[in-house]
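I am going through this model with a notebook open. The entries below record what I looked up, in the order I looked.

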Amino acid sequence: MDRFVKNFIIVSIVYLGISAFVGVAMLWDQSLMSLKFVHSHLNMLGWVSMMIYGVGYHILPKFAGKPLKYPKIGELQFWVANIGLIGMLLFYTMNVYNPSQMNVNATVLFGGMEVFSIILFFYNMLATLLPKPATV
Ligand code: HEM
Ligand code: HEM
């Protein structure tokens, strides 16, 4: 298993733990419902998407009988997806408690980074799965 594959799976479980903690905190103190976006995206982009990236990078090329075309892009995607997610949620939270245009801009910037990470996955997967095997 590639290192970045294992790393995706490990961080996804960490995000699940943190988001479950935030979820229970939101039930405990309704004022924390302003962090619903943080809870839902820790889950959807952290837990669900990163688990799918990890399992997908490992298993989908095997289903197609080919190696992953660009493992280096997979490694890069790991960092871009994690920095994008953490930055987006950090500045979103800062903006909830201290609204400013700077915090909004930073949230959007890191959100854009997250979108870029999705494009990297999309490209790498299609470049691996779509080409037809050479016929002899
Ligand atoms: C200990 C586990 C969890 C707790 C205590 C919890 C708690 C909550 C709470 C209190 C809300 C706000 C509901 C409201 O708007 O009234 C919420 C929303 C949400 N949760 Fe969780 N949650 C948990 C696990 C999960 C998991 C595992 C996922 C996804 C895989 C998830 C996905 C979401 C999403 C997407 C929303 C937003 C729903 C919406 O806005 O309609 N949650 N959760
Ligand atoms: C770059 C990636 C993403 C960005 C920038 C983003 C941004 C947003 C924004 C701005 C909202 C509205 C929040 C509000 O009403 O305050 C939202 C809601 C939501 N998004 Fe995303 N999203 C992203 C990816 C995803 C993905 C991949 C999923 C699911 C797999 C998802 C699931 C949801 C859900 C369930 C809600 C409604 C719950 C909530 O209000 O928190 N998002 N998203």
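**Helix H2 against helix H4**

I began with the crossing of H2 and H4, and H2 passes H4 in a left-handed crossing. The model is a predicted one, so I treat every value here as computed.

Next I took the geometry of this pair. The angle between H2 and H4 is about 15 degrees, and their axes lie 10 Å apart. An angle under 35 degrees counts as roughly parallel, so H2 and H4 are roughly parallel to each other.

Which residues make the contact between H2 and H4? From H2 I listed Leu45, Tyr53, Gly56, Leu60, Pro61 and Ala64. From H4 I listed Glu114, Phe121, Met125, Thr128 and Leu129. Sorted by class, the contact of H2 with H4 has eight nonpolar, two polar and one charged residues.

**The whole chain**

I then stepped back to the overall layout. I found four helices and zero strands in the protein. Read from the N terminus, the elements run α-α-α-α.

I checked the extent of the C-alpha atoms. Along the principal axes they fill a box of roughly 65 × 30 × 20 Å.

How much of the protein counts as buried? The figure is 26% of the 136 residues.

I also looked at the range of the contacts. Taking contacts between residues at least 6 apart in sequence, 72% join residues at least 24 apart.

**Helix H1 against helix H3**

I turned to the other pair. The axes of H1 and H3 (residues 71–97) come within 9 Å and cross at roughly 25 degrees. That angle makes H1 roughly parallel to H3. The crossing of H1 past H3 is left-handed.

On the H1 side, I noted Phe4, Asn7, Phe8 and Val11 in the contact. On the H3 side, I noted Gly74, Glu75, Phe78 and Asn82. By class, the residues of the contact of H1 with H3 divide into four nonpolar, three polar and one charged.

**Ligand 2**

I repeated the search for ligand 2. Around ligand 2 I found Lys36, Phe37, Ser40, His41, Met44, Leu45, Val48, Ser49, Gly111, Glu114 and Val115. H2 (36–64) and H4 (101–129) are the elements that give two or more residues to this shell. Which element gives the largest share of the shell around ligand 2? H2 does, with eight residues. By class, I have five nonpolar, four polar and two charged residues around ligand 2.

I then cross-checked some names.

I looked up Lys6 first. Lys6 is found in H1. Is Lys6 buried or exposed? Lys6 has 12 C-beta neighbours inside 10 Å, so Lys6 counts as exposed. I took one distance from Lys6: Leu60 is 54 residues apart from Lys6 in sequence, and their C-alpha atoms are 15 Å apart.

Glu75 came next. Glu75 lies in H3, and Glu75 is among the H3 residues in the contact with H1. With 15 C-beta neighbours inside 10 Å, Glu75 counts as partly exposed. The C-alpha atoms of Glu75 and Arg3 are separated by 8.2 Å, and these residues are 72 apart along the chain.

My last entry is Ala127. I found Ala127 in H4. Ala127 counts as partly exposed because 13 C-beta neighbours lie inside 10 Å. Which residues is Ala127 in contact with, leaving aside its neighbours within four places in sequence? They are Lys69 and Tyr70. Between the C-alpha atoms of Ala127 and Lys69 I have 6.6 Å, with 58 residues along the chain from one to the other.

Definitions and conventions: Residues numbered from 1 in each chain as written. Chains lettered and ligands numbered in written order. Predicted model: local features only at pLDDT ≥ 70, side-chain atom pairs only at ≥ 80, totals over all residues. Near = placed C-beta within 6 Å. Nonpolar A, V, L, I, M, F, W, Y, C, P; charged D, E, K, R; others polar. Axes fitted to C-alpha atoms, helices over the stretch in contact; angles between N-to-C directions. Parallel < 35°, antiparallel > 145°, perpendicular 65-115°, else oblique. Left-handed = near helix turned anticlockwise from the far one by under 90°. Contact = placed C-beta atoms within 7 Å. Buried ≥ 20, exposed ≤ 12 C-beta atoms within 10 Å, placed from the backbone.
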